[in-house]
Amino acid sequence: MTNIYFEDITGIGNLYLDKVLNKFEDENIIFICKNDSGKYYFCICYEFRYELSWIITEIKLDDLLKVLIRNVDMYSIYKNSSSIIQVIYNDNMKIITTNYENIEKNLLPTEGVVLNADEDTLNYIIKIGQLKMKENISVYKPSSHTLTWKENYSFTNQETDVLQIDAQSTSIFKFNCRKTNSIEYKTHININYAA
């Protein structure tokens, strides 16, 4: 991994920038990082004028997909987290580990606000969806079975995206994104696993 964004965070290690979801001028405001263990972290920069300050929490693939497809607001990610890390950088870096009960609520995203996704986010949804499918298959390997995962989300992409991956010699992943009206897509991810 490259692009170290946060170095040596207590209990996490290094965090590497995985995806920027929202920027203001040159500053990443909402973004996803990943550590050396492959865990994902949801990060929000809440101050960048006088000092740099972020709130960071681990996010499971299921929850990350829900945020990306706008089924869950960003506030809920922090509210349901067992640990929130505050990083404050002025002349030096200060790291505070806290939780939802003890963090100042004005630092969190407004309750009910969902991610403003753009067309580029669709590619990231595909990437995270594929990782989630691999995670499911590594736990559940029937001799012959089809699993279907369905979600709705809103985008303005005018094309149909079909992506097929041969992740292992015995598994085939297929991702179909079909336009159902001008802004809504239904996502169908079918996993065919044959012995």
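**Notebook: a walk through the predicted model**

Started with Asn35, which I found in strand E3. For the record, helices (H or I, at least four residues) and strands (E, at least two) are DSSP runs, numbered from the N terminus. This is a predicted model, where local features need pLDDT of at least 70, side-chain atom pairs count only at pLDDT 80 or more, and totals for chains, interfaces and linings use all residues. Residues are numbered from 1 along each chain as its sequence is written, and side-chain values use heavy atoms, with hydrogens and water left out.

**Asn35**

Is Asn35 buried or exposed? Asn35 is buried, at a relative accessible area of 3%. My scale: buried means under 20% relative accessible area, exposed over 50%, partly exposed in between (1.4 Å probe, protein chains only). I also looked for what the side chain of Asn35 meets: one of its polar atoms lies 3.0 Å from the backbone nitrogen of Ser37. The rule for a polar contact is a pair of N or O atoms within 3.5 Å; within protein, one must be able to donate a hydrogen and the other to accept it, and residues adjacent in sequence count only if both atoms are side-chain atoms.

**The sheet**

Next I traced the strands. Seven of them make an open sheet in the order E1-E2-E3-E4-E5-E6-E7, with antiparallel pairing. E1 and strand E7 (93-98) are the edge strands, each pairing on one side only. Here two strands pair if DSSP finds at least two bridges between them. Direction ignored, neighbouring strands of this sheet are turned by 25° against each other on average.

I then checked one end of the sheet. Strand E6 (residues 84-89) and E7 run antiparallel and are joined by six bridges. Which residue of E7 is the bridge partner of Ile88? It is Lys94.

What packs on the sheet? I noted that H1 does, touching strand E2 (13-24), strand E3 (27-35), E4 and strand E5 (52-59). The direction of H1 makes about 120° with that of E5. Contact means heavy atoms within 4.5 Å; axes are lines fitted to C-alpha atoms, for helices over the stretch in contact, and angles run from 0 to 180 degrees between N-to-C directions.

**The core**

I looked up the largest nonpolar core and got 41 residues. Phe6, Phe42 and Ile56 have the most contacts inside it. Strand E4 (residues 40-47) gives the most to this core, with six residues. A nonpolar core is a set of buried Ala, Val, Leu, Ile, Met, Phe, Trp, Tyr and Cys residues joined through side-chain atoms within 4.5 Å.

**Salt bridges**

How many salt bridges are there? The count comes to four, taking a salt bridge as a side-chain nitrogen of Lys or Arg within 4 Å of a carboxyl oxygen of Asp or Glu. I went through some of them.

- Lys132 and Asp62 are bridged through their side chains at 3.4 Å, N to O. This pair links distant parts of the chain, with Lys132 in helix H3 (residues 119-139) and Asp62 in helix H1 (residues 61-68), 70 residues apart. Lys132 counts as buried at 14% relative accessibility, while Asp62 is partly exposed at 37%.
- Glu47 and Arg49 meet at 3.4 Å, N to O. Glu47 is buried at 15% relative accessibility, whereas Arg49 is exposed at 62%.
- Lys60 and Glu58 meet at 3.2 Å, N to O. Glu58 is partly exposed, with 31% relative accessible area.

**Positive phi**

Asp8 has a positive phi of about 55°; Asp8 lies in strand E1 and is exposed at 58% relative accessibility. Arg70 has a positive phi of about 70°; Arg70 sits in the loop between H1 and helix H2 (74-79) and is partly exposed at 34%.

**Asn3**

Last stop: Asn3, in the segment before strand E1 (4-9). Asn3 is exposed, with a relative accessible area of 51%. Leaving aside neighbours within four places in sequence, I found Asn3 in contact with Leu15, Tyr16 and Leu17. I also noted that Asn3 and Asp18 are 15 residues apart in sequence and 8.4 Å apart in space, C-alpha to C-alpha.
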